[in-house]
Amino acid sequence: YECIVIIAFAQLLVGQLGGIRRLCQNLPEERCCHLPPVRWFVYKLSWTPPERFVRRTLGGLLQYVPVSLIASAFGAVTWIYPPLFWYTQPCCNAVICVSQAIAMYCLIVFYHANQAELAPMRPVMKL
């Protein structure tokens, strides 16, 4: 369920901004950066061109779908054998949580970079 909500919200934002091509054309390079805690450890120009920024942020959002599906399927398969399930369940939960954290970070960075253009729509109220 969380996968669908995150992806649908990202689609709403991209649609409001006029699509991916228009977004890449109109997004200034100085806004294509990480947020302050990560910015201190990651090279400043790692997401600099707008095309790379959009690709990496949307890719970070989309990775959550296959990771959660695979981890959930693996957890369901190991449920058949209970001793194995007790070892794999925490690992599957940890993988899903890390993937979800990455997806949410990418969504926040994407919103932060386009906050001025999205202000009239007030998208946070729609989340």
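Is Y43 buried or exposed? Y43 is exposed, with a relative accessible area of 59%; the terms are set by that area, with buried under 20%, exposed over 50% and partly exposed in between, for a 1.4 Å probe and protein chains only.

## Basis of the model

This is a predicted model, in which local features need pLDDT of at least 70 and side-chain atom pairs count only at pLDDT 80 or more, while totals for chains, interfaces and linings use all residues. Residues are numbered from 1 along each chain as its sequence is written, and side-chain values use heavy atoms, with hydrogens and water left out.

## The loop at Y43

Y43 lies in the loop between α3 (36-39) and α4. Helices here are DSSP runs (H or I, at least four residues), as strands are (E, at least two), numbered from the N terminus. From C-alpha to C-alpha, Y43 and C33 are 9.4 Å apart in space, and they are ten residues apart in sequence.

## Helices α4 and α5

Helix α4 (residues 50-62) and helix α5 (residues 64-78) have axes that come within 5 Å and cross at roughly 20°. Axes are lines fitted to C-alpha atoms, for helices over the stretch in contact, and angles run from 0 to 180 degrees between N-to-C directions. The crossing makes α4 roughly parallel to α5; angles under 35 degrees count as roughly parallel, over 145 as roughly antiparallel, 65 to 115 as roughly perpendicular and the rest as oblique.

In contact (heavy atoms within 4.5 Å), G60, L61 and L62 of α4 meet Y64, V65 and P66 of α5.

## The nonpolar core

A nonpolar core is a set of buried Ala, Val, Leu, Ile, Met, Phe, Trp, Tyr and Cys residues joined through side-chain atoms within 4.5 Å. The largest such core has 31 residues, of which L13, F53, V54, L61 and F110 touch the most other members. Two or more residues each come from α1 (2-16), α2 (20-26), α4, α5 and α6 (82-113). Helix α6 gives the largest share, nine residues.

Leaving aside residues up to four places away in sequence, L13 touches L107, F110, L118, M121 and P123.

T78, in helix α5, is buried, with a relative accessible area of 4%. Beyond residues up to four places away in sequence, T78 touches L84, F85 and T88.

The structure holds one aromatic pair. The ring centres of F85 and W86 are 5.7 Å apart and their planes lie at 65°, so the pair is edge-to-face. Rings of Phe, Tyr and Trp (its six-membered ring) pair if their centres lie within 6.5 Å, and planes under 30 degrees apart count as stacked, over 60 as edge-to-face and the rest as tilted. F85 is buried at 15% relative accessible area, whereas W86 is exposed at 63%.
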